[in-house]
Amino acid sequence: WRWKVAGLIEGADNAVASKEDAPARLVLAFDGDKSKLPLSDRTTIALVSRVYGRDLPYATLMYVWSNDKPVGTVIANPHTKRIRMFVASSGKSGVGTWQAIRRNLREDYRKAFGEDPGRLTAIGAFTDSDNTRSHAEAWYGDITLTEK
């Protein structure tokens, strides 16, 4: 895929709930055997399903642009164990220019979750700065998946 950010988000830190923002994210949701999850996760999934009328994914892998974590770092989401963030771009290098990113989704999922991925059920791209109450801009393009 390709992405470009206008700038970093000052004070953002994906490992801290109150600072968990990223100028660019590519989000991939996966199916899986929810019966093997801990009771607390199954309960949360069931509650969300009832309230919103949609199931949560079994697992979500997010590729993020981090302020300072090295590319390849896996960050546990501070809100839920079922989301892992994988640093695909980092720091000021490349800000303001298109970045072409190529990743092995299976390998990254295994690194993040310690198991093989299930069926890919959704892909999304978003920019967020709500936790730091700041502003961010990003552009996305050419999101392509290929089978190896």
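**Entry 1: around one tyrosine.** The model is predicted, and I keep that in mind throughout. I began with Tyr63 and skipped its neighbours within four places in sequence. Beyond those, Tyr63 is in contact with Trp1, Trp3, Ala24, Arg25, Leu26, Leu28, Phe86, Ala88, Arg103, Asn104, Leu105 and Asp108.

**Entry 2: the cores.** I then looked up the largest nonpolar core and found 20 residues in it. Tyr63 is one of those with the most contacts inside this core, together with Trp1, Trp3, Leu61, Ala88 and Tyr109. Which elements supply at least two residues each? I listed strand 1 (2-5), strand 2 (22-30), strand 3 (59-66), strand 5 (83-90) and helix 2 (105-113). Another core lies apart from this one and has 8 residues, including Ala22, Val27, Val64 and Ile83.

**Entry 3: an aspartate in helix 2.** Asp108 was on the contact list of Tyr63, and I found that Asp108 lies in helix 2. Is Asp108 buried or exposed? Its relative accessibility is 4%, so Asp108 counts as buried. Leaving aside neighbours within four places in sequence, I noted contacts of Asp108 with Leu61, Tyr63, Phe86 and Arg103.

Entry 4: Leu47, Val51 and Tyr52 make a nonpolar surface patch of about 370 Å². Leu47 belongs to helix 1, which covers residues 39-52.

Entry 5: I counted 4 bridges in the antiparallel pairing of strand 1 with strand 8. Trp3 stands opposite Tyr140 of strand 8, and Trp3 is also among the core residues with the most contacts.

**Entry 6: strand 2.** I went through strand 2 and found it mostly covered, with 9 of its 9 residues buried. Strand 2 pairs with strand 7 (residues 120-128) in the antiparallel sense, over 7 bridges. The bridge partner of Ala22 in strand 7 is Asp128. Strand 2 and strand 3 also run antiparallel and are joined by 6 bridges. There I found Ala29 opposite Thr60 of strand 3.

**Entry 7: salt bridges.** How many salt bridges does the structure hold? The total is 10. I looked at three of them.

- Arg25 and Glu20 form a salt bridge, and their closest N and O atoms are 2.6 Å apart. Arg25 is buried at a relative accessible area of 1%, and Glu20 is buried at 6%.
- Asp128 forms a salt bridge with Arg25 as well, with 2.9 Å between the closest N and O atoms. Asp128 is in strand 7 and Arg25 in strand 2, so this pair ties together parts that are 103 residues apart in sequence. Asp128 and Arg25 are both buried.
- Asp13 and Lys69 meet through their side chains in a salt bridge of 3.4 Å, N to O. Asp13 lies in the loop between strand 1 and strand 2, and Lys69 in the loop between strand 3 and strand 4 (74-76), so the pair ties together parts 56 residues apart in sequence. Asp13 is partly exposed at 22% relative accessibility, and Lys69 is partly exposed at 24%.

**Entry 8: backbone angles.** Last, I looked up phi. Most residues other than glycine have a negative phi. Arg133 is not a glycine, yet has a positive phi of about 55°. Arg133 lies in the loop between strand 7 and strand 8 and is exposed, with a relative accessible area of 77%. Asp142 is not a glycine either, and has a positive phi of about 55°. I placed Asp142 in the segment after strand 8, and at 53% relative accessibility Asp142 counts as exposed.

Conventions: Residues are numbered from 1 along each chain as its sequence is written. This is a predicted model: local features need pLDDT of at least 70, side-chain atom pairs count only at pLDDT 80 or more; totals for chains, interfaces and linings use all residues. Side-chain values use heavy atoms; hydrogens and water are left out. A nonpolar core is a set of buried Ala, Val, Leu, Ile, Met, Phe, Trp, Tyr and Cys residues joined through side-chain atoms within 4.5 Å. Buried means under 20% relative accessible area, exposed over 50%, partly exposed in between (1.4 Å probe, protein chains only). Contact means heavy atoms within 4.5 Å. Patches are made of residues with over 30% relative accessible area and no salt bridge: like charges are joined within 9 Å, nonpolar side chains (Val, Leu, Ile, Met, Phe, Trp, Tyr) within 5 Å. Accessible areas come from the Shrake-Rupley method with a 1.4 Å probe; for residues, only the protein chains shown count as cover. A salt bridge is a side-chain nitrogen of Lys or Arg within 4 Å of a carboxyl oxygen of Asp or Glu. Two strands pair if DSSP finds at least two bridges between them.
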